[in-house]
Amino acid sequence: MTPRDIIDKSEKIAVISHIKPDGDNLGSLTAMSESLRLYGKDVDSIIIDSIPSNLKFLYGLDNYTSDINSNYDLLIMLDSSDENRLGSAKILIENSTKVFNIDHHISNEMNYDYNKVEPTRSSTGEILYVFLKENNLPIDKNVAESIFTAITSDSGSFRYDTVSSDTFKIAAELLEYDIDRDKINRNLFSSNSVAKVKLLETALERLEFYKDGKIGLTYLLEDDFTKFNAEDSDSDGIVEFIRDIDSVEISIYLRQVKNEFKGSFRSVEYNVEPIARKLGGGGHKRAAGFSIKSNDIDEVIKIVLNEI
Ligand SMILES: [Mn+2]
């Protein structure tokens, strides 16, 4: 059966986000959901975590559910490298007849009824565009804007090396839908909250360099988020900001969450994916993450630097 056959046979479909959803995840989710709705399907868009304020503009995001107690004929996972990315919504995998796995994470080894995992693609949004075309599913202006948002946010505005001629061809095709790029760019890049700026200020005060400035590391504690009334997504961008310092080859951002520290790596060229994997995480060559159970920031810094 082709994925299109499975979709045709499915009455109730769920499209699910991962925890800590980003632009690629929510752009892909809204695009897939809307395309299937245009096709006439009954679709639940399931979001299990808070939506970053700069992504709330995405079409259809005012119409989602956090309910994970239904059964579905088809569950579509997007941009999720493993089952744990679904958090408590993992149960939906068991409660769905068929499961699709569409993603671009190299560490994705899941094997369901349909798998489209292409690590050479810039984003899940890019893969999704090809998927919709291959399966003759509808694309309108709203779908195109969601996909463009997904690609733009996961490709660093078409800068990362997973960006191929295909990425630009797809972007060019998306422009044919008369998408509002100004709206997308304003929301993605020019809508910083004061809380976000305060977190960045705090992170920069704590920034330390190692190995002749080649490694830049900083952290935020739970108290910082409370103090500035900030959401988790308000710390998005800190690790890239540090990576973009001229001497830095690898940036590290550590974020205290309850009894652990969640870490993010970004690199200019160095492959950080194996380091993240050794620390129990994973990701991409130049963007990877992990978490370490500890409340002692000095200990965590030591572990991470040692692994590098
Ligand atoms: Mn992605």
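**Grounds for the terms used**

Q: Are Asp24 and His104 buried or exposed?
A: In this predicted model, Asp24 and His104 are both buried. The term applies to a relative accessible area under 20%.

Q: What makes Asp24, Asp79, His104 and Asp154 donor residues of the manganese ion?
A: A donor atom is N, O or S within 2.8 Å of this metal. The manganese ion is coordinated by OD atoms of Asp24, Asp79 and Asp154 and by NE2 of His104, at 2.2 to 2.4 Å, so these atoms meet the cut-off. Water is not among the atoms, so the site may look incomplete.

Q: How are the donor residues of the manganese ion spaced in sequence?
A: The spacing reads D-x54-D-x24-H-x49-D. Asp24, in helix 2 (residues 23-38), and His104, in the loop between strand 4 (96-103) and strand 5 (114-117), are 80 residues apart, and the pair links distant parts of the chain.

Q: Why is Asp79 called buried?
A: Asp79 has a relative accessible area of 1%. Buried means under 20%, so the term applies. Asp79 is found in the loop between strand 3 (72-78) and helix 3 (91-94).

Q: Why is Lys258 called exposed?
A: The relative accessible area of Lys258 is 66%. Exposed means over 50%, so the term applies. Lys258 is found in the loop between strand 8 (250-257) and strand 9 (260-267).

Q: What is phi of Asp79, and what is phi of Lys258?
A: Phi is near 65 degrees in Asp79 and near 55 degrees in Lys258. Each is a positive value in a residue other than glycine. Most residues other than glycine have a negative phi.

Q: How many helices and strands does the protein chain have, and why is the chain called as compact as a globular protein of that length?
A: The secondary structure comes to 12 helices and 11 strands. The radius of gyration is 19 Å, close to the 19 Å that the globule rule gives for 308 residues, so the protein chain is as compact as a globular protein of that length. Along its principal axes the C-alpha trace spans about 55 × 40 × 35 Å.

Q: What share of the contacts in the protein chain with a separation of 6 or more joins residues 24 or more positions apart?
A: Such residues account for 63% of those contacts. A contact here requires heavy atoms within 4.5 Å.

Q: How far apart are the mean positions of the positive and negative charges of the protein chain?
A: The mean positions of the 36 positive and 54 negative charges are 1 Å apart.

Conventions. Residues numbered from 1 in each chain as written. Predicted model: local features only at pLDDT ≥ 70, side-chain atom pairs only at ≥ 80, totals over all residues. Heavy atoms only, no water. Donors = N, O, S within 2.8 Å, 3.2 Å for Na, K, Ca; no water. Helix = DSSP H or I, 4+ residues; strand = E, 2+ residues; numbered from the N terminus. Buried < 20%, exposed > 50% of the residue type's maximum accessible area, 1.4 Å probe, protein only. Rg over C-alpha atoms; globule rule 2.2 N^0.38 Å. Lys, Arg positive; Asp, Glu negative; His and termini not counted. Charge placed at Lys NZ, Arg CZ, Asp CG, Glu CD.
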